[in-house]
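Biologist: I would like to learn how to read a model like this one. Please take me through it feature by feature.

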Amino acid sequence: MLQNLAAKLPLLFAFGIAFATMLAGMATAAYLLYRLLSTLRSLTLPPEQRQQAKQAAKHPFAGTSLRAKTAYLICCLEQALDAYGLDAEQEEPGSWYPVLRLLWELPELPEASFEEWLAQTTDILPSTLLAPEPPTQPLPPEKQEPPAARALYTSAGYRMALLAPLIEFPVRLVRENREAPAARPEQALALLDEAMELLESYDVPLPGVRNRDFLLRQRSLGVGEMFVGRQCSGIVGW
């Protein structure tokens, strides 16, 4: 039996090499096809959009998944909260913990649950809760008390000038890009740039290198694989 196995080893070894070569060839072909399609797409764009696409391709987060981009935006929000010294302890009244916990669910959710996440996060957006126009219809009794998030934003006062857009950006990114993440990479990356520029304009440090490097490794042209985004959080444990 051992002799038969020994006789078959060269054949098995050769088969393994052939199989690995085939997989490598398929991966190379898929990459070349993507590059070809990207090139053809760029040739059909007007010169201004072609230049924007070229610039986007050089962005550090170009080629990262939608989940990774969303996680980086949440990291930017945490940086601002930390800079302002706003409380995020889980059990404390007036804590930002519930808002962050909901946002951090996204990287771990299956894609089929994105719609539900969007519905939940829309209810806590500053643009939803702090709308200047009062509702035209009376609120039902169960909604007449101000939501906790609204009270949270009201107490933050002038700091919402920075915090409000940082809360909105992750939700907006998913809403606008979940169906075709690779269709408009320039717009998705522009949100990250806007968040970073906001932090810099308020002298708030950007997210740390460790979190940034971890998220840059989440490579995908689409939504990407699920991962524990909370490991990038200094507030929401995992």
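Biologist: Is Cys 75 buried or exposed?

Modeller: Buried means under 20% relative accessible area, exposed over 50%, and partly exposed in between, with a 1.4 Å probe and protein chains only. Cys 75 has 4% relative accessibility, so Cys 75 counts as buried. Before going on, note that this is a predicted model: local features need pLDDT of at least 70, side-chain atom pairs count only at pLDDT 80 or more, and totals for chains, interfaces and linings use all residues. Residues are numbered from 1 along each chain as its sequence is written, and side-chain values use heavy atoms, with hydrogens and water left out.

Biologist: How many disulfides are there?

Modeller: A disulfide is a covalent bond between the sulfur atoms of two cysteines. The rule here asks for a pair of cysteine sulfur atoms within 2.5 Å. The count comes to 0. The closest cysteine sulfur to that of Cys 75 belongs to Cys 232, at 4.8 Å, which is too far for a bond. Cys 76 is in no disulfide either; its nearest cysteine sulfur is that of Cys 75, 7.1 Å away. Cys 76 is buried, at 0% relative accessibility.

Biologist: How do I read a helix, and what span does H3 have?

Modeller: Helices (H or I, at least four residues) and strands (E, at least two) are DSSP runs, numbered from the N terminus. The expected span of a helix is 1.5 Å times one less than its number of residues. H3 has 19 residues and reaches 28 Å from first C-alpha to last, close to the expected 27 Å. Of its 19 residues, 15 are buried, so H3 is largely enclosed by the rest of the structure. Just after H3, Gly 85 takes a positive phi of about 70°.

Biologist: What about H9: which of its residues are buried?

Modeller: An α-helix has 3.6 residues a turn, so residues three or four places apart point the same way. In H9 the buried residues include Glu 186, Leu 189, Leu 192, Met 196 and Leu 199. H9 covers residues 185–201; its 17 residues should span 24 Å, and the end C-alpha atoms are 24 Å apart, which agrees. Asp 203 follows H9 and has a positive phi, near 60°.

Biologist: Which residues touch the most other members in the largest nonpolar core?

Modeller: In soluble globular proteins, nonpolar side chains tend to be buried together. A nonpolar core is a set of buried Ala, Val, Leu, Ile, Met, Phe, Trp, Tyr and Cys residues joined through side-chain atoms within 4.5 Å. The largest one holds 60 residues, and Trp 96, Trp 117, Tyr 153, Leu 163, Leu 166 and Leu 215 touch the most other members. Elements giving two or more residues to this core include H3, H4, H5 and H10. H3 supplies the largest share, 11 residues.

Biologist: What does Trp 117 touch?

Modeller: Contact means heavy atoms within 4.5 Å. Leaving out residues up to four places away in sequence, the contacts of Trp 117 include Leu 102, Leu 106, Pro 170 and Val 174.

Biologist: How many aromatic pairs are there?

Modeller: Rings of Phe, Tyr and Trp (its six-membered ring) pair if their centres lie within 6.5 Å; planes under 30 degrees apart count as stacked, over 60 as edge-to-face and the rest as tilted. The count comes to 4. In one of them, Tyr 84 and Tyr 158 have ring centres 6.4 Å apart and planes at 80°, so this pair is edge-to-face. Tyr 84 lies in H3 and Tyr 158 in the loop between H7 and H8, so the pair ties together parts 74 residues apart in sequence. Trp 96 and Tyr 153 have ring centres 5.7 Å apart and planes at 40°, so that pair is tilted. Trp 96 is buried, at 2%, and Tyr 153 is buried, at 1%.

Biologist: How many salt bridges does the structure hold?

Modeller: A salt bridge is a side-chain nitrogen of Lys or Arg within 4 Å of a carboxyl oxygen of Asp or Glu. The structure holds 4. One of them joins Arg 230 to Glu 108, with the closest N and O atoms 2.6 Å apart. Those two residues are 122 apart in the chain. Another joins Arg 178 and Glu 115, at 2.7 Å. Arg 178 is buried, at 17%, whereas Glu 115 is partly exposed, at 45%.
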